[in-house]
Amino acid sequence: MMVETAVIATFTSLIAGVFAVPTFVSPRQNMPKVTSSFVPRMVPRGPFSGKTSSSSIVPFMSNVHTGPTNATFEGIDNAVLFADNSQTIDLVNNDPAILLKKIFPVTNCAKSLSTALNIDTEIKSSHGLQHVQVVGHRGSPYQELENTRRGFQVCSKVGCDAVELDVFLLKCGTLVVFHGGGDDSSPGWLDDYCNVEGSILDYTAEEARSKLVFNPYFAEFGCGPGKIQNNADAYIPLLEEVLLDAKMTGITVKIELKGAGTAQPVVELVDKLGMADQCHYSSFNHEQIATVRQMRPELKADGTYRYKTGALFADNIPDDFIDIAQKAGASEVHLKYDTCTKERIKGIHEAGMDSMAWFRGPIGMKEDVSAKYFDVGNEDEDMYRVVTATGVKSMCVNRPDVLLEMLGRTVPAGETSTIYEIGGTQIMDEIPIVIGSTDRLGS
């Protein structure tokens, strides 16, 4: 009854248009002490932006210790939160999604990633850790700007097994590494990425390098503006430049074929550089990987394909997804992290193919832990342990340093998550962040 009273009082204050922390005192006595030099405000996010709704606001009902400075406290949506243990929590220097699972129990309104993947929470802490290959998603985007030579070099330095990158064939006939906005049927848009209208396909490689400047305040760039502004490494590189760097380090390169007509020129470039055994190919457009297989059907002595191709799938996995992948000649299946259930991963392996879980970009992952999964943080060890417990062989992640440390693989000093904590959290809390159209951000 006391809890119900607290909820009613909180929602009453919200309906009245009060976006500050409620001033009433909760009847629950053993609430956590929340300390911060910031005053948290209730901020609608994601699909609820611009709406005043109890489903898009986080009600705090405890003794909140705050200072005089205002700041936006975003990241925890669609939950009614309660706590019953005494502790001190720092609102500023912690990921809000991590705070949620530390302070508040998971309620019926929150979905569990463990449940979504059919993982027994009792085994997730130790299962499946040794076999996982670590793939840097567009490099290491919380440490360096995504899809840049520097970002891929950081992945090599910290010990990643592979990097994933996105490739377009420009009108000049040159292959460049870039992601951009848009969905997978029309990728490469520049509005959020570079604050200009149009597509990367409107440019030559020379124009893309000389004219396009990355938007330093776009939230998809987890590294923060400090890694973008006045940074000589923040440019759109040629695929050939990136491959030559990788050839020197030996790291595997997973090439996502983004734009139309990329399969043939990419394979030809890889072969010209003598890197056929170092590069893999993937696409949501399965015709692209079918083209690779038609061009290069060679088998190794063990009967597996020499040229590795991955069939990418997003949400709404069809029941016959394995058949679809096999018909395209795929040697791997790449599933979105929250769709790679134990059963699907088992089926992929029984069909003789390898598996990979891909994670959304920084905006998408923040949305997921804010609105969907409250038993894990934003690519923290808890999230990674759940996914590894499915038995998946590779994980394409935005925070490879965190996964490497969880696996017990040494990360060189100075190349740990401290970088993204500075660039991604503290800076983002202090400056305005431009959040673009999140439905146009893919893998």
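A charge sits over a ring if NZ of Lys or CZ of Arg is within 6 Å of the ring centre and within 35 degrees of the ring normal. In this predicted model, the charged end of Arg399 meets that description over the ring of Tyr142, at 3.9 Å from the ring centre. Arg293 likewise lies over the face of Tyr305, 3.6 Å from the centre of that ring.

## Helix α9

Arg293 belongs to helix α9, which spans residues 286–295, and is one of its buried residues. What do the buried residues of α9 pack against? Their partners are the strands β9 (252–257), β10 (279–283) and β11, together with the helices α8 (263–272) and α10.

## Aromatic pairs

Across the whole structure, 12 aromatic pairs are found. One of them joins Phe214 and Phe221, edge-to-face, with 5.7 Å from centre to centre and 80° between the planes. Phe214 and Phe221 are both buried. In another pair, the ring centres of Phe313 and Phe321 are 5.9 Å apart and the planes stand at 80°, so this pair is edge-to-face. Phe313 and Phe321 are buried as well.

Some rings are linked through several pairs. Phe168, Phe178, Tyr193, Phe214, Phe218 and Phe221 are connected in this way into a cluster.

## Salt bridges

The structure has 19 salt bridges.

| Lys258 | Glu256 | 3.2 Å |

Are Lys258 and Glu256 buried or exposed? Lys258 has a relative accessible area of 8%, so this residue is buried. Glu256 has a relative accessible area of 2%, so Glu256 is buried too. Arg360 and Glu367 are also both buried.

Asp315, with a relative accessible area of 43%, is partly exposed. Where do Lys336 and Asp315 lie in the chain? Lys336 is in strand β12 (residues 332–336), while Asp315 is in the loop between β11 (308–313) and α10 (321–327), so their bridge ties together parts that are 21 residues apart in sequence. Both residues also belong to a network: salt bridges with shared partners join Asp315, Lys336, Asp338 and Lys372.

Asp166 is found in strand β7, which covers residues 162–169. Asp166 is buried, yet this residue has no salt bridge. Which side chain of opposite charge is nearest to Asp166? Arg138 is the nearest, at 4.3 Å. The side chain of Asp166 does have a polar contact of 3.0 Å with the side chain of Asn147.

Methods. Residues numbered from 1 in each chain as written. Predicted model: local features only at pLDDT ≥ 70, side-chain atom pairs only at ≥ 80, totals over all residues. Heavy atoms only, no water. Helix = DSSP H or I, 4+ residues; strand = E, 2+ residues; numbered from the N terminus. Buried < 20%, exposed > 50% of the residue type's maximum accessible area, 1.4 Å probe, protein only. Lys, Arg positive; Asp, Glu negative; His and termini not counted. Salt bridge = Lys/Arg side-chain N within 4 Å of Asp/Glu carboxyl O. Polar contact = N/O pair within 3.5 Å; in protein donor to acceptor, adjacent residues only side chain to side chain. Phe/Tyr/Trp six-rings, centres within 6.5 Å; stacked < 30°, edge-to-face > 60°. Contact = heavy atoms within 4.5 Å.
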